[in-house]
Structures are given as structure tokens and as C-alpha cells.
Amino acid sequence: MKKIVLAVGAWIAVITAAHMSLNVDWNVLLNDRLPVGKRKLNVAYIPVT
Amino acid sequence: MFQGFPEIKEALMSNKMQAGFMVAPMAIALRAQGVPIKIVYLGHRYGSAVVVRKDGPVKTFADLKGKLVAIPSRFSDERLILFRAMKVHGMKAGDFKMVEMAPPDVAGALAAKAIDAFSMGEPYPSQAEMGGFGRVLFHAREYWPDYTSCVLVVRQDVIDNRPDAVQVLVDGIARSGLWLENPSKKLNRRNHAADFVGRYYFRQDPRLLRWALTNPLDRVLYEPLTPYKKDFELIVSLMRETGVLDRYIEFEEYVDVRFAEGAMTQTEWRYEPGDDRAE
């Protein structure tokens, strides 16, 4: 039982770490937490002229 | 990166994005509806085309009668250019049907014969040409000298509270434009820009952007990017004529020219392909 719990826990940890690394834009998250005057502007665009 | 202009509009209105590139008529319409944004600069000049199937029945503009043409939005210069061409060819609204489609979908739709033509910005005309199934019927400049399409809009609260940040943004775009338009280095720099924009921003094949930026070199221009009153008065007039704007709107109401004026003394980036950083 203990081995199963450890294996599941490890698997969740790996998936969570991979998700946070691949899918979370940390620059945006950190920028959103800066005071308004210090934030970088978020500029929207689409891949077209 | 977004996939359509309506999503950019929503992101700006909800303050998820503080600035964005969108088609000029959409920015004007939003401002006319009271959305607190202003146009501060252009994204480029030219760079839109009407494309038909290479082996299809449409050989001239008049052949579009009864056909289905995709446009990015009813609030787009790509729609207005069709009306300008219609006028030249003695056609009227309703002679062909227009359908709104997200820009990344149009080349595939043309190849699959789901549409007969599209009016769109680059690199989608290039995509159809490169793919061998599309042919440019005409470039926007043929019916609209000084054509503009995408503009940079900024939320009014950002303009009011952080004008320095807006100026830095506009200065950067101005410097990039000058860098791309350097007469003696244009080809090499555009090839380099296609490479890094394709890889890191547009997530598109750099060969496609190389085609769009260099075939020919004036297919898309990045200078001058100052928003001129005469260009926008024409857009407003066409919008009213074609039923997507219900009142006249003063240029000063939807454009703030001070950032473009502030960028006029800028010089191109000091950067050559291979350098570590731009200054």
C-alpha cells in the first residue's frame, strides 16, 4: 500500500512539475504581482499583419 | 498570442491586455461605442491581399460575383478593400457573400474549396501561394494607396497613468520599422526577422514569413507608421458608407498622435543578425 501511495505521489509531483514548467508563463504571473507602475505592458497580437 | 481580433478586443476591455494590435476599423468602432482605448501607432502598411484558388474559376475581380469570400472581421480594412474594388468594377454589396473567419483558417479553407477567395493580411496570402493552391488576385495597394490595416491600440487609463511606458513601446516599434527598412540591409534583416518572429512569436514556419517579407521586399512596409488623419478619415468614411459605423467620429477622439510624434527622432536598432543584443 505504502509503495502505491509513494508511486502515485511521485507521479503527481512529476506531472505537476511538468505542467508548471511547460504551461505556466511565470513571467506573466510575476509581472501581474508587481505594483501597477512597474508592470510591463501586456501587448496582444495575432499572427497576421 | 491570440487567434482572432474579437478575442483581443475582449482582452483589452477586461484589462487582461493593456495594449494590442487590431484592425483599424475595429479600433474605431470600439472607440465610437465608448470603449476607452486610443490608436497610438500603426503596425505596418500594406500587407493585405485578395487570394483566389490557382486552378479556380475566378480570374478577375468581376468573377467573384456569386462567390464566397472570407474576411477577418466585418470591422476590417480587408472588408473595406473589397468594397473599394467593387466600386471600381461597378459591383454592389451582395454581389458576393462575405464570411468572417479567423485568419489562421483561411488558407486551409481555400485549399479545401470551402471558400472561393479570401481577403486577408500576410502571411496567409503567402501561405496560399507557397502551398501552390492560391493566387493573389490583387494586393491592397492596387485599390488603396497608403493602405493601413493593423494599428496599435492602448487603453486610455494606461495612456493617462503611464505615458512613459507607452512611449517606450512606440519607440521600440518605430526603431524596429526603421531597422527593417534600411535600404542597403533590408533583405538580410527581413530574412533574420522572419526567422526569429516565426520561431518565437508567430510559431510559424520561418520560410513562410520570409516569403511574406521579401517577395517582393515592399509587400509589407514598416515605415512610415505615424497615423495620418487623411488615412483614417478615409477608413471612417468607408465604414459609414458600408454600414459598420453609425456616426462620424473625430480623428482626435480615437487617435493620440503624441507618441508617434515623440518617436519621430528615433533611429533604427543597433543590431545585426548574430549580435547578442539590440541597443
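The score here is pLDDT, the predictor's confidence in each residue, running from 0 to 100. This is a predicted model, in which local features need pLDDT of at least 70 and side-chain atom pairs count only at pLDDT 80 or more, while totals for chains, interfaces and linings use all residues. Residues are numbered from 1 along each chain as its sequence is written, with chains lettered from A and ligands numbered from 1 in the order in which they are written.

Chain A averages a pLDDT of 91, and 100% of the residues score at least 70. For chain B the mean pLDDT is 95, again with 100% of its residues at 70 or more. For the complex, the predictor gives an ipTM of 0.87 and a pTM of 0.89.

Chain A comes to 2 helices and 1 strand, in the order α-α-β along the sequence. Helices (H or I, at least four residues) and strands (E, at least two) are DSSP runs, numbered from the N terminus. Along the principal axes, the C-alpha atoms of chain A fill a box of roughly 55 × 30 × 10 Å.

Where the two chains meet, chain B puts in 30 residues and chain A 10 residues; two residues are in contact if their C-beta atoms, placed from the backbone, lie within 7 Å. On the side of chain B that touches chain A, at least two residues each come from helix H1 (5-13), strand E1 (19-23) and helix H7 (163-180) of chain B. H1(B) gives the most to that side, with 4 residues. By class, the side of chain B that touches chain A has 18 nonpolar, 10 polar and 2 charged residues. Nonpolar here takes in Ala, Val, Leu, Ile, Met, Phe, Trp, Tyr, Cys and Pro, charged takes in Asp, Glu, Lys and Arg, and the others, Gly among them, count as polar.

Chain B itself is assigned domain 1 (5-44 + 153-181 + 222-262) and domain 2 (46-142), with bounds from an automatic or database domain assignment. The C-alpha centres of domain 1 and domain 2 of chain B sit 25 Å apart. In chain B, 11 residues of domain 1 are in contact with 9 residues of domain 2. On the domain 1 side, helix H2 (24-32) and helix H10 (229-241) of chain B are the elements giving two or more residues, and H2(B) has the largest share, 4 residues. That side of domain 1 of chain B has 9 nonpolar, 2 polar and no charged residues.

H2(B) and H10(B) also pack on each other: their axes come within 10 Å and cross at roughly 75°. Axes are lines fitted to C-alpha atoms, for helices over the stretch in contact, and angles run from 0 to 180 degrees between N-to-C directions. H2(B) and H10(B) are therefore roughly perpendicular to each other, on a scale where angles under 35 degrees count as roughly parallel, over 145 as roughly antiparallel, 65 to 115 as roughly perpendicular and the rest as oblique. B:Ala24, B:Pro25 and B:Ile28 in H2(B) meet B:Ile235, B:Val236 and B:Met239 in H10(B). The contact of H2(B) with H10(B) has 6 nonpolar, no polar and no charged residues.
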